[in-house]
Amino acid sequence: MIKQSFSLTKVTAFSLSQSKHTLFTFHYKFSKTNMHASFSARATPTVKHVPELSPEEMDRIREQTFQKYTSVSGLGERKGKGVAIVWFRNDLRVLDNEALFRAWVSSEAILPVYCVDPTLFGTTHYFGLPKTGALREQFIIECLTDLKRNLVKRGLDLLIQHGKPEEIIPSLAKAFKAHTVYAHKETCSEEVKVEKLVTRKLQEFVPPSSGGVGNEPRSLNATKLELLWGSTMYHIDDLPFGCESLPDVYTQFRKSVESKSRIRNCIRLPASLGPPPEVGDWGCVPQVTELGLQSEKAGF
């Protein structure tokens, strides 16, 4: 009889919020006799609280990071006209945000917008599974809170609207006579469909500043939706091959990209992005209960 035994320790870390960090440690003991896999697992969870940063320390680190990527000179004079809309989708950040920078360069006023799309918090077409769980909803809410605070520090604010983007964005473009809507490009089918719907609705509105006279097609004078790539470490335009020629093996992809491409530098923003256009009610960051789910805690 040959008997072997060994122990395995698995450590999993969770970050529930900016101020709570917890380590869950599980110890497993397995035994194996001859060719028969007889496993006896003994799970004894141990909760250990990791030393955390105080809110003051978090604010200090955040300010240092913003100062590092803030340009006090070299951006030139702001020569844009009119209003530009920044449509925040999945990329809820201020730092290194090309859409925000493009909007600042091309306008006199920026209107940042986030749409609480009910379709994102519904269920899937097949099987009726929830698209967004309570923990992810809480994460989105915390990101929106942080985004709104960071925009206010830079002279802006975040307009939060409840509804479908294909209805809200064109309506805001018409109300504020925006010449361009800037947003990050998405790749999944539902998000791409929304982009097409927004573009179609925007083509129905021609800002007064564009004129819209003569024999020019109406679509050339309409508010434009400019989609920017910003969701990957390497920019899609910097790849050494086209998307239709992607290597089938990851190792080939990695070696080719590492040797022939480079990671772009972070985009520096001015210290102040304001002023925003006049808005009566900017809206509030929603709560989990407003989105139809109950609060949950991470666990096993």
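**Exercise 1. Find which helices and strands supply at least two residues each to the lining of the largest pocket.**

Step 1. Helices (H or I, at least four residues) and strands (E, at least two) are DSSP runs, numbered from the N terminus. This is a predicted model, where local features need pLDDT of at least 70, side-chain atom pairs count only at pLDDT 80 or more, and totals for chains, interfaces and linings use all residues. Residues are numbered from 1 along each chain as its sequence is written, and side-chain values use heavy atoms, with hydrogens and water left out.

Step 2. A pocket is, on a 1 Å grid over the protein atoms alone, an open set of points with protein on both sides within 12 Å along at least five of seven lines; lining residues have an atom within 4 Å of a point.

Step 3. The strands are β5 and β6 (109-116), and the helices are α3 (134-153), α4 (165-176) and α5 (189-202). Of these, α5 gives the most, with 5 residues.

**Exercise 2. Describe the residues around the largest pocket.**

Step 1. Its lining has 25 residues, and Asn-90, Asp-117, Thr-119, Leu-120 and Glu-191 lie nearest the centre.

Step 2. Sorted by class, 13 are nonpolar, 3 polar and 9 charged (Ala, Val, Leu, Ile, Met, Phe, Trp, Tyr, Cys and Pro count as nonpolar, Asp, Glu, Lys and Arg as charged, and the others, Gly among them, as polar).

**Exercise 3. Now look at the largest cavity: which strands each supply at least two lining residues?**

Step 1. A cavity is a set of points where a 1.4 Å probe fits but cannot get out.

Step 2. The strands are β5 (83-88) and β8 (178-184). Among the lining residues are Trp-87, Phe-88, Tyr-182 and His-184.
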